[in-house]
Amino acid sequence: MKYAGLLVMPAGFFLAIAALVLFPSPLQRGVFVVCGLAVEGLGLGVAIRGHMLARGENRS
Amino acid sequence: MMPMVPIAPAATPDLSEAMFALTLALLLVAPLAIAGVAFINTGLGRSRSAAQALLGNLTLAAVAVIVFAVLGAAWAGSLSGTGHVFHLAGKLWNWAGSGPLLLRGLGSAPAEAQLALLFEFLAVALAALIPWGSGADRFRLFAGCGIAAVLAAVVFPLVAHWIWGGGWLAQLGINFGLGAGFLDPGGAATVHVIGGLSALAVVWIAGPRRGKFPREGLSTAMPGHHVVYVLFGCLVSLVGWLAWNAAGAILWLHAPLTSLPVNAVNTVLSASAALLATFAVTGFRFGKPDASLCANGWLAGLVASSACAALVTPGESIFVGLVAGIATPLLVELLELALSIDDPSGAITVHAVAGLWGLLAAGLYAPGQSQLLAQLVGIATLLGIVLPALYLLFALLNRVLPFRVDPDGERVGMDLHELGGGAYPEFVIHRDDSYR
């Protein structure tokens, strides 16, 4: 689960870069860059969730 | 897309002799920031690991600068001023520097390139220390050296080139009309966010200290052994940070002399506001202010100022510090209690989160929205590419050079286990209930 989250994060980055390349309008660029950051946040959330589940199983 | 070719960066104005002397003097004072962070890392660990922690700070800094000199400086391209580019969508994407190995030609390089290299030397040393603090009381010294080497050889040079060496993030303004490109004059991204994200990656990989998260109940409190070290480190850091932020503004923003006092005032204001905010939050939450969290708040204010002290007004700087200071104790608590992340030095919050906040604030307070967009793209790069890359590199490194000591080593302490003697030989180390 942690790896799945970490794999989602680059997708957010590429969304942000695609916004720069594809959209000339600052508004569209801004919206897509923010969406890219949201995808990264989602990936980070999944990775953290995976970490918590693993920790719960390995508590000393 | 076309094959990668080396290109020369845009010309920058030469430094006057006075500016050169001032910048050099500032860079000779800046290592006090490294000393301060080393003190903080040591004080927030346990007494049975104090000598190993401080020796580790020295050793990691040494490894980082040597690896950077041998290999990393070539990727950073600060000395040669050239870079590798590829063409995409009609734009040039400068993704890596192209310089000589082993700093060949250092003596004959332009004065500004030499100063830039010195700045990067100090930056890579500081970045390497940040994850070491998070791995306190359980990381092997050799593993710490490996982490420093990976940072100095690959990650730091690439990001430094993107931001400081005329790379694609610096050229967002030229290529896409995004303000002046991604701005990070004091190293909030290249030093602190990279260091903080490295801390998150290595803590995820290595796991918590034994007994930190027992099978039942809340996490075990493991307070730092020497809060005086920690607070002294904060004071020492301030001196280093003042020099660091001023030198960064001269080198990366070509700031005039007259802007440096405001830069220094903003640095002090951000740290002060952050400290007072943490003081108030911890006083409210725990009944009394918490000294080590206050130290973390102070440092978070300094880290946030690295991104924006040269770009904001004093009032805005106070706000930046206040937000950093309020967020720090709450996030430290959240990471430990809710997310089961054992970070003894608080580096993930203090360096990664406060650094990201400072970078965002630099865009929020810039005139027009285009600079904010440039800062957001930079933040997206740090979170979306740099964090997964760090995790992958460190996970591979952990296979070759395991990060953790064995359980017995952790029980007796890193000093005895790794160095054969304690930092405080006259002290009697009490038995720890968590190891029963």
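The structure is a predicted model, in which local features need pLDDT of at least 70 and side-chain atom pairs count only at pLDDT 80 or more, while totals for chains, interfaces and linings use all residues. Residues are numbered from 1 along each chain as its sequence is written, chains are lettered from A and ligands numbered from 1 in the order in which they are written, and side-chain values use heavy atoms, with hydrogens and water left out.

Salt bridges were examined next. A salt bridge is defined as a side-chain nitrogen of Lys or Arg within 4 Å of a carboxyl oxygen of Asp or Glu, and the structure holds 6 of them over all chains. One of these joins B:Asp137 to B:Arg209, with the closest N and O atoms 3.1 Å apart. This pair links distant parts of the chain, 72 residues apart: B:Asp137 is in the loop between α4 and α5 (141-164) of chain B, and B:Arg209 is in the loop between α7 (188-206) and α8 of chain B. Helices (H or I, at least four residues) and strands (E, at least two) are DSSP runs, numbered from the N terminus. Both B:Asp137 and B:Arg209 are buried.

B:Glu333 takes part in a salt bridge with B:Arg285, the closest N and O atoms being 2.5 Å apart. Because B:Arg285 lies in helix α9 (residues 260-286) of chain B and B:Glu333 in helix α11 (residues 314-338) of chain B, the pair ties together parts that are 48 residues apart in sequence. B:Arg285 counts as partly exposed, at 44% relative accessibility.

A further salt bridge, between B:Asp408 and B:Arg411, has its closest N and O atoms 2.9 Å apart. These two residues are 3 residues apart in helix α14 (residues 407-412) of chain B, and are therefore separated by about one helical turn. An α-helix has 3.6 residues a turn, so residues three or four places apart point the same way.

Helix α2 (residues 31-43) of chain B has 13 residues and should span 18 Å at 1.5 Å a residue; its end C-alpha atoms are 19 Å apart, which agrees. The expected span is 1.5 Å times one less than the number of residues. Among the buried residues of α2(B) are B:Ile34, B:Val37 and B:Ile40. The cover over the buried residues of this helix includes α3 (50-76), α4, α8 (227-253) and α10 (291-308) of chain B. B:Val37 counts as buried at 2% relative accessibility. Residues up to four places away in sequence not counted, B:Val37 touches B:Leu126, B:Leu129, B:Ser237 and B:Trp241, contact meaning heavy atoms within 4.5 Å. The C-alpha atoms of B:Val37 and B:Gly133 are separated by 8.7 Å, although the residues are 96 residues apart along the chain.

B:Cys294 is in no disulfide, the nearest cysteine sulfur being that of B:Cys234, 9.4 Å away. The sulfur of B:Cys308 is 19 Å from the closest cysteine sulfur, in B:Cys234, and is therefore too far for a bond. B:Cys294 is buried, with a relative accessible area of 6%, and B:Cys308 is buried at 1%.

Notes. Disulfide = S-S within 2.5 Å. Buried < 20%, exposed > 50% of the residue type's maximum accessible area, 1.4 Å probe, protein only.
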